[in-house]
Amino acid sequence: MYDETKPKRQPGLRATQKAATGKAVLEAAREEFERVGFEAANLRAIAARAGVSAGTVLHHYGDKRELLHAALFDDLEETLRRALAGIGPGPLETQLSELTHAVFGYYQRRPKLSRTLLKESLFADEPWAQKFTAQVGTVHGAIARLAEAAIARGELRPGVDAALFGAAYFSFFYFALISWVQGAHGSPVALVERLIGQHLEGLRPSGKPPPPRRKDR
């Protein structure tokens with residue numbers, strides 16, 4: 001028989017608390033991985049930073065590598081979402097510059113974690129490999145749509161392959177990212193912008209000057 005004197009269960013509260021705990025663990029993991037690197041980081045230190053037990057961390061994420069993948073994926077997913085949402089109107093070159101600044105801003109805030117992210121996102125095992133690939137696919141699709149809009153505005157020649165242009169952007173981006181991670185280039189955003197600018201010169205309608213660039217923000 002149902003006892004009305006007993007407190008009613010709140011199924012939504014448990015889910016909310018679980019999500020909050022998971023978020024705290026991921027943030028603690030990112031901070032610890034950035035502080036000491038992946039190899040030196042340990043689950044007890046991460047748990048202490050998050051204010052939970054090591055068992056709670058294991059319950060949520062299994063082992064340290066799974067925690068790493070979850071922390072990197074979650075952080076990058078939010079970064080990419082904000083970067084794409086922040087692209088405003090204007091010439092294609094300006095829009096791509098905004099995207100590059102936003103994403104590289106994330107990497108430059110956490111340089112140690114960025115080295116790990118580069119390695120893990122490119123060479124992760126399943127199911128994380130597919131998840132990271134899907135992230136790249138989302139950004140690639142967005143860049144292709146920007147290129148198609150630029151073609152419609154007359155900035156690029158008719159017949160330019162928008163999907164191929166998106167692939168070119170990623171080749172420039174990853175070249176700059178690898179160079180920066182290896183310490184070979186200190187200004188990766190400027191490098192991407194120069195590479196994109198040169199590439200766009202060959203895609204503009206004949207005789208048409210490039211659109212004016214915005215002043216540095």
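Of the 217 residues of the chain, 43% count as buried, where buried means under 20% relative accessible area, exposed means over 50%, and partly exposed is anything in between (1.4 Å probe, protein chains only). The model is predicted, so local features need pLDDT of at least 70 and side-chain atom pairs count only at pLDDT 80 or more, while totals for chains, interfaces and linings use all residues. Residues are numbered from 1 along each chain as its sequence is written, and side-chain values use heavy atoms, with hydrogens and water left out.

**Overall layout**

- The chain has nine helices and zero strands; both are DSSP runs numbered from the N terminus, helices being H or I with at least four residues and strands E with at least two.
- Reading from the N terminus, the elements go α-α-α-α-α-α-α-α-α.
- Take the contacts (heavy atoms within 4.5 Å) between residues at least 6 apart in sequence: 69% of them join residues at least 24 apart.

- Just past the end of helix 7, glycine 154 takes a positive phi of about 90 degrees.

- Threonine 79 lies in helix 4 (residues 64-85) and counts as buried, with a relative accessible area of 10%.
- Leaving out residues up to four places away in sequence, threonine 79 touches Ala102, Val103 and Tyr106.
- Glutamate 120 belongs to helix 6 (residues 111-123) and is buried as well, its relative accessible area being 7%.
- The side chain of glutamate 120 makes a polar contact with the side chain of arginine 65 at 2.7 Å. A polar contact is a pair of N or O atoms within 3.5 Å; within protein, one must be able to donate a hydrogen and the other to accept it, and residues adjacent in sequence count only if both atoms are side-chain atoms.
- With residues up to four places away in sequence left out, glutamate 120 touches Arg65, Leu68, His69, Leu72 and Phe132.

**Salt bridges**

- There are 14 salt bridges in the structure, each a side-chain nitrogen of Lys or Arg within 4 Å of a carboxyl oxygen of Asp or Glu.
- Arginine 82 and glutamate 78 pair up at 2.8 Å, N to O; both lie in helix 4, four residues apart, about one turn of the helix.
- In that pair, arginine 82 counts as exposed at 57% relative accessibility, and glutamate 78 as partly exposed at 29%.
- Glutamate 93 bridges to arginine 204, with the closest N and O atoms 3.1 Å apart. Glutamate 93 is in helix 5 and arginine 204 in the segment after helix 9 (188-201), so the pair ties together parts that are 111 residues apart in sequence.
- Both glutamate 93 and arginine 204 are buried, arginine 204 having a relative accessible area of 7%.
- Arginine 204 also forms a salt bridge with glutamate 201, closest N and O atoms 3.4 Å apart; glutamate 201 is partly exposed at 47% relative accessibility.
- Elsewhere, salt bridges that share partners join Glu27, Arg30, Asp74, Asp75 and Arg110 into one network.

**The second largest pocket**

- The second largest pocket has a volume of about 280 Å³. On a 1 Å grid over the protein atoms alone, a pocket is an open set of points with protein on both sides within 12 Å along at least five of seven lines, where a 1.4 Å probe fits. Grid points are joined across faces, edges and corners, and the volume is the space filled by probe spheres set on them.
- The lining of this pocket (residues with an atom within 4 Å of a point) comes to 18 residues, with Leu76, Tyr107, Val136, Phe170 and Tyr174 nearest its centre.
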